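Morning, everyone. Please have the sequence and the structure up on your screens. I'll walk through a few places in turn.

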Amino acid sequence: MENTLNIAEMEEKFQARIDRGEIIEPKDWMPENYRKHLIRQISQHAHSEVVGMLPEGNWITRAPSLRAKMVLLAKVQDEGGHGLYLYTAAETMGIDRDTMLEQLHTGKAKYSSIFNYPTLTWADIGAIGWLVDGAAIMNQVMLQRTSYGPYARAMVRICKEESFHQRQGYEIICKLANGTPEQRAMAQDALNRWWWPSLMMFGPNDENSPNSANAIKWKIKRESNDQLRQRFVNQTVPQAEYLGLKIPDEKLKWNPEKNGYDFGEIDWAEFNRVISGNGPCNKERLAARIAAHENGRWVREAAAAHAAKKKETLFAA
Ligand code: BYC
């Protein structure tokens, strides 16, 4: 009973710290559910970064110029780096990387739904940068002020790199939209296919988001799924108009009263299919990720053997 009371008191103190806007650091006391919530979110975020390398990696050998190839290579490499910062941030909460990877490889942990769609043409690489990175930044700018220090600090660097990624994509789409009729059609086709999945990245509507109440209470999220989605639509529609491309939504309409766009309903059945492992590319993505992990096994073993040998010679000296 005394113990329960203590925990309740500690939780109250913890909440007061959050309410005062203090940042929580790894060695600070935290409620077990706060730790679990963040391990879930940060590790899924890390998984999204490394799985996100796959659809774009597909196009490195087919980029239309040396410049485009170098830029895409740098971007894909950045995503690997983002995964590294995020896995490291999650490790500060007491979970090790092997466990997180096992959760990914066995399908226990989610990663962003968006990476389960195929990249069919070069315009898709433009659409990913423009829309997918655009949606990611919208969500991640808020996470720079999330209440857990290591996650917030990782997000500062990630956001800087993501804004370069977003411009890389917009540049590709701009070129295609201003190119030949065939190139323009490619850009429109990519927008048609990536628009709705990009809106799904923000997660379920607020009333169907089970994790949001705690996330807002603990200032992990500072804005809701629907607020961020609305801001993304408001920002992106004028960009599409500037390019002369049409957003594939008949219900899209400016609403002066809310000073934002009204838009159509997301296909939530499709969203649920994709996040439960049955999207167009889930199986392919997971198989590629597991193969990459297995192919890298000898490197991890060699690095561990080298470190052990070094330690031995250090002690022998
Ligand atoms: N896809 O209660 P909710 C990138 C799950 S990578 C899959 O609203 P929450 C990039 C959710 O996990 C960008 N699952 O959850 C990389 C939960 O299931 P569990 C990735 C989704 O956490 C390479 C359930 O649905 N960004 O930028 O409050 C190349 C109920 O949802 C999705 C991040 O990870 C989805 N779209 O809110 C290019 C940002 N949506 O876990 C670009 C950090 C929801 O209870 N994460 N679910 O089984 C977040 O901000 C939040 O976790 C979310 C979801 C907004 C995604």
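**A walk through the predicted model**

Start with Lys 13, which counts as exposed at 63% relative accessibility. Lys 13 belongs to helix 1, residues 2-19. Now find Lys 175, which is 162 residues from Lys 13 along the chain. The C-alpha atoms of Lys 13 and Lys 175 are separated by 55 Å. Keep in mind that this is a predicted model.

Next, the aromatics. How many aromatic pairs does the structure hold? Ten. Take Phe 14 with Trp 29: their geometry is edge-to-face. The ring centres are 6.4 Å apart, and the planes make 80°. This pair links distant parts of the chain. Phe 14 is in helix 1, while Trp 29 is in the loop between helix 1 and helix 2 (32-57).

Trp 29 is partly exposed, at 35% relative accessibility. Ring pairs also take in Tyr 34 and Trp 218, making a cluster of Phe 14, Trp 29, Tyr 34 and Trp 218.

One more ring. Arg 62 lies over the face of Trp 59, 4.0 Å from the ring centre. Trp 59 turns up again in the contacts of Thr 121. Thr 121 is in the loop between helix 4 and helix 5. Besides Trp 59, Thr 121 touches Met 186 and Arg 193, leaving out residues up to four places away in sequence. Pro 181 is 60 residues from Thr 121 along the chain, and their C-alpha atoms are separated by 15 Å.

Now a helix pair. Two packed helices are described by the angle between their axes and the distance between the axes. Here I have helix 3, residues 66-91, and helix 4, residues 97-105. They pack at an angle of about 115°, and their axes are 10 Å apart. The crossing of helix 3 and helix 4 is right-handed.

Which residues make the contact? From helix 3: Leu 84, Tyr 87, Thr 88, Ala 90 and Glu 91. From helix 4: Arg 97, Met 100, Leu 101 and Leu 104. By type, the residues of this contact are six nonpolar, one polar and two charged.

Stay with Met 100 in helix 4. Met 100 is at 0% relative accessibility, so it counts as buried. Its contacts, not counting residues up to four places away in sequence, are Ser 43, His 47, Tyr 87, Ala 90, Glu 91 and Ile 95. Look at Ser 43 among those. Met 100 and Ser 43 are 57 residues apart in sequence, yet 6.7 Å apart in space, C-alpha to C-alpha.

On to a charged residue. Is Asp 133 buried or exposed? Asp 133 has a relative accessible area of 5%, so it is buried. You will find Asp 133 in helix 5, residues 122-143. Setting aside residues up to four places away in sequence, Asp 133 touches Lys 75, Glu 79, Ile 128, Glu 162, His 165 and Gln 166.

Now backbone angles. Most residues other than glycine have a negative phi. Two residues here go the other way. Lys 219 has a positive phi, near 55°. Lys 219 is in the loop between helix 8 (212-217) and helix 9 (225-243). With a relative accessible area of 21%, Lys 219 is partly exposed.

The other is Asn 259, whose phi is positive too, about 55°, although the residue is not a glycine. Where does Asn 259 lie? In the loop between strand 1 (253-255) and strand 2 (260-262). At 54% relative accessibility, Asn 259 counts as exposed.

Last stop: Ile 275, in helix 10, residues 268-278. Ile 275 is partly exposed, with a relative accessible area of 30%. Its contacts are Lys 110 and Ser 113, not counting residues up to four places away in sequence.

Over to you for discussion.

How values were computed:
Residues are numbered from 1 along each chain as its sequence is written. This is a predicted model: local features need pLDDT of at least 70, side-chain atom pairs count only at pLDDT 80 or more; totals for chains, interfaces and linings use all residues. Side-chain values use heavy atoms; hydrogens and water are left out. Axes are lines fitted to C-alpha atoms, for helices over the stretch in contact, and angles run from 0 to 180 degrees between N-to-C directions. Helices (H or I, at least four residues) and strands (E, at least two) are DSSP runs, numbered from the N terminus. A crossing is left-handed if the near helix is turned anticlockwise from the far one by less than a right angle, and right-handed if clockwise. Contact means heavy atoms within 4.5 Å. Ala, Val, Leu, Ile, Met, Phe, Trp, Tyr, Cys and Pro count as nonpolar, Asp, Glu, Lys and Arg as charged, and the others, Gly among them, as polar. Buried means under 20% relative accessible area, exposed over 50%, partly exposed in between (1.4 Å probe, protein chains only). Rings of Phe, Tyr and Trp (its six-membered ring) pair if their centres lie within 6.5 Å; planes under 30 degrees apart count as stacked, over 60 as edge-to-face and the rest as tilted. A charge sits over a ring if NZ of Lys or CZ of Arg is within 6 Å of the ring centre and within 35 degrees of the ring normal.
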